[in-house]
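Student: Could we take a close look at one part of this model together? I would like to see the whole chain before we zoom in.

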Amino acid sequence: MVQSKSWTPELEGLRGFASLWVLLGHICLLTQCPIPLLYDPGMGVDLFILLSGYLMAKNYQERAEKEPWNSVNTWQKFWLRRFFRIAPLYYLLLIVALIFGVWFGEIREIISNAWPTTATLSSRYADRSLINIFSHLTFVFGLIPSLSYRTVLPDWSIGLEMQYYLIFPFIMLIIMRFGFAISAVMLMLFCLAARWLLPDYFNAFPMPSMILIKLPLFLAGMLISQAIRHGQIRYMGLALLAPVVAWQMRIAENHLRLIMECLLIAGMTGLLWQPQKRTRLTELFNYPRYLLTRPVSLFLGDVSYSVYLLHLMIVIPVIGLLVQTTAFSHLPSFVRFMAAACLCLPVTYLIALELYHKVEKPGIALGKRMIGNPAAQPQREAP
């Protein structure tokens, strides 16, 4: 298969482990097994966001000769390409989520009764109102606090991603005018100003599904791309502003989250950096690169989007039924976690593999036909 000209397999591995992190993190939460770091699936989502920003900027720049940034035709191709990467699988699983929403809510209530700290409004799973359905079909739900967290899917981040796709060409126009560094800083400051000007709107979101909340992290991914492309570490330094901005916006919940986001940015840059001269520092990343490029890591990357969208439809029923039918809730927390993981992972990945081949890949191919490029191979892009 022909890859994009600077594709690196480490990206696939990172994407795969990000989805695995989210899956295991939710199992930790729902079995009340507080394994450090793993207990925060939001960090896995943050890694997805960094990867998305990186890949959007990288691919957009690599296509610049054939698809100029200031061309409306380029924007149309970009939006169609991204829509058909995300929407086919999302719409399929959204239908399932809406049909079985009441059942998912009942099962979720069983888990909440066992561990009250995991409680959530189970009624949100069962919302079949026309406004909820319409907002999800059009992806505008992420901008509306009351609708941004209304299905069993972890789709608050899908709405966020679609908002990013919508504004991304305009971000690139700003970059054309002012350059990467100044543009990134200006946009981060804009997010910070909006947070303080519209505090009630920002605070109303149960999850960070509105673009300005997470835009600094997308920009950090774009800055990592620029650092790698031009071999200039100063762009990584600017990327490290993103967690600080998140902290000032009171989105980073604690000091550990702030530190971990900084480590994610530095670690991702180190993994993808290809220096001309080898040093002890760059050698540190050789083993992680090796692990991330193994066949199992690439497999995890291929099915990562399906796993991410699907996993709660498997995790919630499995844990709920274990609580309902066995003495599961009385077991030690790590035993609960391992038992649930051993049951959920095989089922999730088997179904995800089918979805990848039967829904994701045909959807990507359809998108390429729509933009008049049927023979092109799929680009390695993170959803």
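Student: How many helices and strands does the chain have, and what surrounds Ser19?

Tutor: Happy to walk you through it. This is a predicted model, where local features need pLDDT of at least 70, side-chain atom pairs count only at pLDDT 80 or more, and totals for chains, interfaces and linings use all residues. Residues are numbered from 1 along each chain as its sequence is written, and side-chain values use heavy atoms, with hydrogens and water left out.

The chain has 17 helices and zero strands; helices (H or I, at least four residues) and strands (E, at least two) are DSSP runs, numbered from the N terminus. Its radius of gyration is 21 Å, close to the 21 Å that the globule rule gives for 383 residues, so the chain is as compact as a globular protein of that length. That radius is taken over C-alpha atoms, and the rule is 2.2 Å times the number of residues to the power 0.38. Of the 383 residues, 55% count as buried, meaning under 20% relative accessible area with a 1.4 Å probe, protein chains only. Among contacts with a separation of 6 or more, 77% join residues 24 or more positions apart; a contact means heavy atoms within 4.5 Å.

Now to your residue. Ser19 sits in helix H1, which covers residues 10-31. With a relative accessible area of 1%, Ser19 is buried. Leaving aside residues up to four places away in sequence, Ser19 touches Phe48, Leu300, Ser304, Val307 and Tyr349. One of these, Phe48, lies in helix H2 (41-62). The side chain of Ser19 also reaches the backbone oxygen of Gly16, at 2.8 Å.

Gln32 has a positive phi of about 55° although it is not a glycine. Most residues other than glycine have a negative phi. Phe139 is another case, with a positive phi of about 65°. Phe139 is in the loop between helix H5 (130-137) and helix H6 (156-178), and it is buried, at a relative accessible area of 9%.

For another buried helix residue, look at Ile86 in helix H3 (residues 72-99), which has 1% relative accessibility. The C-alpha atoms of Ile86 and Phe168 are separated by 16 Å, with the two residues 82 apart along the chain.

Terms used: Buried means under 20% relative accessible area, exposed over 50%, partly exposed in between (1.4 Å probe, protein chains only). A polar contact is a pair of N or O atoms within 3.5 Å; within protein, one must be able to donate a hydrogen and the other to accept it, and residues adjacent in sequence count only if both atoms are side-chain atoms.
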